[in-house]
Amino acid sequence: MSQWNDEQIREALKAALPPVADVEPRRDLWPQMLRRMDAPAPGIPWLDWAVAAVSALLLLSLPGAAQIVLYFL
Amino acid sequence: MELLERFAQGDQEAFEALFRQFQGQVFRWIVRIVRDPAAAEDLTVETFWRIYRAHARFRPDGSFGAWARRIATNAAIDHLNRRRMEQPLPDNLPQETQADSAVQRETREKIARAFRQLPAKYQSPAMLALVEEEPYSEIAAALGISEGAVKTRVFRAVRLLRKNLELLGVKP
């Protein structure tokens with residue numbers, strides 16, 4: 001069975017996702033930046049707090065899991 | 001006072017001047033990673049928002065461009081992580097040629113899909129190194145890791161991509 005070698009993978013990627021030619025933003029982004037700066041800061045969603053709490057509990061009860069978590073970061 | 005010093009002290013006019021000077025450069029870097037101009041525009045704003053909030057941590061004797069590129073890379077990786085869960089490929093960058101057969105097009109779509117399934121931390125260095133042919137030193141600076149770590153990530157990306165292609169039944 002034929003296998004992809006590194007060079008074939010590189011060429012296939014370039015064909016599937018061609019290098020990007022010089023592109024520019026379609027519009028001035030400063031007005032969007034100003035709106036972002038003027039917007040009130042969003043609060044942290046409750047789900048994020050829940051995930052953080054569960055993660056902290058998991059790490060406290062199973063310290064060995066830290067290595068697994070760090071691997072996937 | 002120099003522009004960078006004024007920015008570091010929170011001067012909004014200095015920030016606007018830097019935004020206008022660097023927005024194109026930041027946009028082009030992001031679009032090379034995420035390959036979606038519309039998303040890259042939003043991510044450029046997100047990048048400068050992070051820059052704006054972090055102004056006090058910027059050292060005026062350093063390179064603003066390199067600092068901005070590193071923040072932009074992190075914003076792009078966050079986006080890739082979200083997109084990996086959510087949606088298929090944008091198709092507004094690669095232009096299909098008329099000579100493409102349906103089989104070639106399907107193969108390219110499968111390859112692109114297999115690539116998008118890679119973890120974002122592998123996609124970004126692989127895209128920059130293999131497709132955009134950026135030097136490892138520049139990729140390392142943008143990711144805030146060593147050149148050796150970039151090479152390792154690219155190696156792992158290729159290995160995972162090979163596995164994904166085999167699972168999808170795509171042969172060379």
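H2(B) crosses H3(B) in a right-handed sense. This crossing is a handy place to begin a tour of the structure, which is a predicted model. The two helices, H2(B) and H3(B), pack at an angle of about 135°, and their axes lie 8 Å apart. That angle makes H2(B) oblique to H3(B). On the H2(B) side, the contact is built from B:Phe15, B:Phe19, B:Gln23, B:Val26, B:Phe27, B:Ile30, B:Val31 and B:Val34. H3(B) answers with B:Pro37, B:Ala39, B:Ala40, B:Glu41, B:Leu43, B:Thr44, B:Thr47, B:Phe48 and B:Tyr52. Sorted by class, the contact of H2(B) with H3(B) comprises 13 nonpolar, three polar and one charged residues.

H6(B) and helix H7 (residues 136-143) of chain B pack at an angle of about 155°, with 10 Å between their axes. Angles over 145 degrees count as roughly antiparallel, and H6(B) is therefore roughly antiparallel to H7(B). Here, too, the crossing is right-handed. From H6(B), the residues B:Pro125, B:Leu128 and B:Ala129 meet B:Tyr136, B:Ile139 and B:Leu143 of H7(B). The contact of H6(B) with H7(B) has six nonpolar residues, with no polar and no charged ones.

Stepping back to the whole chain, chain B contains eight helices and zero strands. Its elements follow the pattern α-α-α-α-α-α-α-α along the sequence. The C-alpha trace of chain B spans about 60 × 35 × 25 Å along its principal axes.

Chain A is likewise described by helices, with four of them and zero strands. From the N terminus on, its elements run α-α-α-α. The radius of gyration of chain A is 23 Å, well over the 11 Å that the globule rule gives for 73 residues, so chain A is more spread out than a compact globule. Along its principal axes, the C-alpha trace of chain A spans about 50 × 45 × 15 Å.

The two chains meet through 32 residues from chain B and 25 residues from chain A. On chain B, the elements that give two or more residues to the side touching chain A are helix H2 (12-34), helix H3 (37-53), helix H5 (102-116), helix H6 (120-131) and helix H8 (147-167). H2(B) gives the most to this side, with nine residues. The residues on the side of chain B that touches chain A divide into 19 nonpolar, three polar and ten charged.

The mean pLDDT of chain B is 89, with 90% of its residues reaching 70 or more. Chain A averages a pLDDT of 84, and 93% of its residues score at least 70. Within chain A, confidence is highest in helix H2 (residues 30-38) of chain A, at a mean of 94, and lowest in helix H4 (residues 65-72) of chain A, at 75.

Definitions and conventions
Residues numbered from 1 in each chain as written. Chains lettered and ligands numbered in written order. Predicted model: local features only at pLDDT ≥ 70, side-chain atom pairs only at ≥ 80, totals over all residues. Contact = placed C-beta atoms within 7 Å. Helix = DSSP H or I, 4+ residues; strand = E, 2+ residues; numbered from the N terminus. Nonpolar A, V, L, I, M, F, W, Y, C, P; charged D, E, K, R; others polar. Axes fitted to C-alpha atoms, helices over the stretch in contact; angles between N-to-C directions. Parallel < 35°, antiparallel > 145°, perpendicular 65-115°, else oblique. Left-handed = near helix turned anticlockwise from the far one by under 90°. pLDDT = per-residue confidence, 0-100. Rg over C-alpha atoms; globule rule 2.2 N^0.38 Å.
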